[in-house]
Amino acid sequence: MTGYYGRPVIKEPVWTPEIPWYLFAGGLGGGSAGLAWLAGLRGNEVLARRAWAAALASMTVSPVLLISDLGMPSRFLHMLRMFKVTSPMSVGSWVLMAAGGATGAAALDALLPAGAGGAAPRRRVSPLRGGAPGFFAPARGGAQTRFAPRRAASPRFSSARRALALAATPARPAAALMGLPLSTYTGALLAQTAVPVWHEARRELPALFGAGAAASAGAAATILTPCAFAGPARRLAVIGSAAELAVVPLMEHRLRELAEPYHRGAAGAYGQFARGLTVAGSLLIASRGSRSRAAAVAGGALVLAGAACERWSVFKAGFASARDPKYTIDPQRDRVTSGRARGGSRRSTAQGGPPAPAPADAAF
Amino acid sequence: MSTYGDEARPRVGFFTDTSLCIGCKACEVACKEWNGVPTSPGEFSGHSYDNTVALGADTWRHVAFVEQRKELGASGVASGGLVETALLQDTGLQTYQDGDGLRWLMASDVCKHCTHAACLEVCPTGALFRTEFDTVVVQEDVCNGCGYCIPACPFGVLGQREDDGRAWKCTLCYDRVKEDMTPACAQACPTHSIQFGELDDLRVRASERLEQLSSAGAAGAQLYLADEADGVGGAGAFFLLLDDPEVYGLPPDPVDATRDLKSTWTAVGLAAVGLGAALVAAVL
């Protein structure tokens with residue numbers, strides 16, 4: 001039995017299942033904002049609108065998940081009392097605020113019908129007009145023309161709409177840029193703890209979550225977008241999946257013995273699911289996603305499920321490694337005996353004392 | 001500490017000399033009484049006399065009981081049913097060692113009030129702060145129960161109270177210390193195992209005690225967290241142990257996660273750039 005009656009040395013996190021879902025939702029939202037902005041720049045409005053929708057949904061859910069995890073949800077605003085670089089949770093709160101606000105403006109502008117008089121300063125007509133029917137706009141494009149005259153009757157609405165369109169211009173790149181750290185800071189959030197399999201994976205966790213963000217943003221847009229417009233989404237899903245599959249062995253190689261919790265119990269099961277789902281989904285998207293909408297939807301769903309399972313695997317492995325004292329004590333004792341750390345203890349330096357007895361320290 | 005300017009006070013702390021601990025748990029009781037810490041009804045643990053089990057939201061002092069069976073005497077020869085008289089007479093060592101080689105180690109654990117405190121560094125609200133005495137305290141009116149400090153602590157000191165959701169830990173009796181009083185646990189300790197005072201004095205006293213015990217034959221004696229060179233920059237509450245830290249449930253090389261902050265944020269930045277590159281590659 002390791003340590004003191006096999007009791008844990010550190011505390012398990014008290015984080016609830018909201019947190020792994022937030023790790024998933026934050027990455028999905030951050031990646032989607034980037035995809036939406038770039039697709040819009042390229043003139044692919046069909047894809048851009050759907051990616052903005054995915055980003056908006058994820059970033060609406062994210063703060064709800066975070067607040068409901070708090071021990072005192074009524075005090076959620078205390079998160080914004082200060083900004084601390086030593087606290088990834090503090091940094092993340094501000095990044096989520098910024099990314100969420102920008103995404104809100106950009107996505108609402110993309111999804112709401114344009115105001116009267118062509119207030120929206122941006123090109124609204126896709127160069128691919130005449131393609132498959134849209135997801136939010138009806139096939140015949142009637143909504144905008146039917147809405148516009150009626151809305152135009154209210155000047156207050158149209159001025160609000162114009163303000164939104166104006167705000168959306170800087171909001172789009174801002175959302176895309178803030179989405180990048182939003183997708184990867186969660187690696188630091190976990191790593192900046194004493195939990196062995198998180199802290200020792202501090203160089204790989206951000207990459208793993210960033211890869212998962214790319215995979216899930218691509219997958220969500222692949223599901224939502226007609227095949228003809230979804231090429232970039234499919235590529236993103238496949239690139240992200242490949243990166244996700246590549247980072248895991250890299251991380252486990254670096255963790256060495258500490259990789260064990262990632263292979264045991266719930267963490268191991270989630271990890272295997274994640275790999276299976278990600279491989280199957282990305283293969284399906286790559287092989288048939290451009291021709292069959294059904295295949296694209298199925299493949300996208302598999303990749304999304306894989307990315308979610310990967311987050312759960314990491315989350316569960318952290319708890320397991322905190323619970324078993326050997327994951328805390330053994331690497332630390334190794335550091336001390338191999339001279340890679342001073343350790344927490346100092347013995348007497350006095351000469352001439354009695355020789356230390358043979359280490360019969362096998363207690364119990 | 002520099003932020004306190006003229007209001008800064010000498011750093012205070014605990015030196016817990018476990019060689020004097022008799023396992024009476026007066027410290028646990030006094031702490032609960034003074035600080036209004038809720039009861040922590042546990043089950044019978046079966047771990048010697050320890051039913052407190054661990055530090056946590058409702059246990060700010062925890063007396064560990066370690067039963068060891070090992071060879072007697074500095075020479076490794078059993079001295080036949082006697083305690084090691086020299087050790088006992090010269091040093092007042094309280095660990096009892098009987099003829100069958102049973103050694104009983106007792107140690108009162110507490111928040112370490114680290115010089116580099118991970119709990120304080122990761123706290124996003126500023127609820128955890130450093131006092132003018134260089135101790136680390138949670139402000140209960142600021143804490144929103146995010147729970148980040150709990151897995152951040154390399155010693156597992158903090159816990160969350162289920163009924164109010166906030167994180168709680170030892171305050172080193174901030175209220176008493178401000179009034180020039182001794183913290184409740186140290187005040188109640190009948191053997192001076194828990195010593196309170198200015199940290200510089202305590203460290204000198206501890207080093208002398210270590211030499212005394214070591215030269216009397218206590219081979220395992222070691223000072224734990226007494227040096228600024230360790231992974232938490234030294235602690236405001238440090239210990240004299242009679243065996244390796246892990247035997248008492250303490251980490252042998254605790255590290256404040258903030259020491260690796262640079263590599264962590266670098267990895268976040270690189271991953272963000274990588275994600276951006278993947279997005280560009282996919283769309284172009």
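In chain B of this predicted model, residues 24 or more positions apart account for 66% of the contacts with a separation of 6 or more. The chain is built from eight helices and 10 strands. Of its 284 residues, 62% count as buried. Chain B exposes about 10800 Å², and carbon and sulfur atoms supply 53% of that area.

**Contact between the chains**

Chain A brings 83 residues to the contact and chain B brings 96 residues. The size of an interface is often given as the accessible area lost when the parts come together. For chain A and chain B this buried area is about 7300 Å², with 59% given by carbon and sulfur atoms. Within the area that chain A buries against chain B, Tyr4(A), Lys11(A) and Arg346(A) supply 11%, more than any other three residues.

Seven salt bridges are counted between chain A and chain B. In a salt bridge between Arg335(A) and Asp253(B), the side chains meet at 2.6 Å, N to O.

The table sets out the areas given in this report.

| Item | Area |
|---|---|
| Buried between chain A and chain B | about 7300 Å² |
| Nonpolar surface patch of Phe83(A), Val85(A), Trp94(A) and Met97(A), accessible area together | about 400 Å² |

In soluble globular proteins, nonpolar side chains tend to be buried together. The largest nonpolar core here has 82 residues, and Leu35(A), Trp52(A), Trp198(A), Leu205(A) and Tyr262(A) have the most contacts inside it. Helix H3(A) gives the most to this core, with 10 residues. Apart from it lies another core, of 73 residues, which includes Tyr4(A) as well as Val63(B), Cys114(B) and Cys149(B). Tyr4(A) is also one of the three residues named above for the area that chain A buries against chain B.

Trp198(A) has contacts beyond its neighbours within four places in sequence; among them are Pro13(A), Trp15(A), Leu190(A), Ala191(A) and Thr193(A). Its contacts also include Val314(A), Phe315(A), Gly318(A) and Phe319(A). Leu205(A) and Tyr262(A) are in contact with Trp198(A) too.

**A nonpolar patch on the surface**

Phe83(A), Val85(A), Trp94(A) and Met97(A) form a nonpolar patch on the surface. Val85(A) sits in the loop between helix H2 (45–69) and helix H3 (88–111) of chain A. Why does Val85(A) count as partly exposed? Its relative accessible area is 48%, and partly exposed covers values between the buried limit of under 20% and the exposed limit of over 50%.

Note on methods. Residues numbered from 1 in each chain as written. Chains lettered and ligands numbered in written order. Predicted model: local features only at pLDDT ≥ 70, side-chain atom pairs only at ≥ 80, totals over all residues. Heavy atoms only, no water. Patch = residues over 30% accessible without salt bridge, like charges linked within 9 Å, V, L, I, M, F, W, Y side chains within 5 Å. Areas by Shrake-Rupley, 256 points an atom, 1.4 Å probe, with all protein chains shown as cover. Salt bridge = Lys/Arg side-chain N within 4 Å of Asp/Glu carboxyl O. Helix = DSSP H or I, 4+ residues; strand = E, 2+ residues; numbered from the N terminus. Buried < 20%, exposed > 50% of the residue type's maximum accessible area, 1.4 Å probe, protein only. Core = buried A, V, L, I, M, F, W, Y, C linked by side-chain atoms within 4.5 Å. Contact = heavy atoms within 4.5 Å. Buried area = accessible area lost by both parts, 1.4 Å probe.
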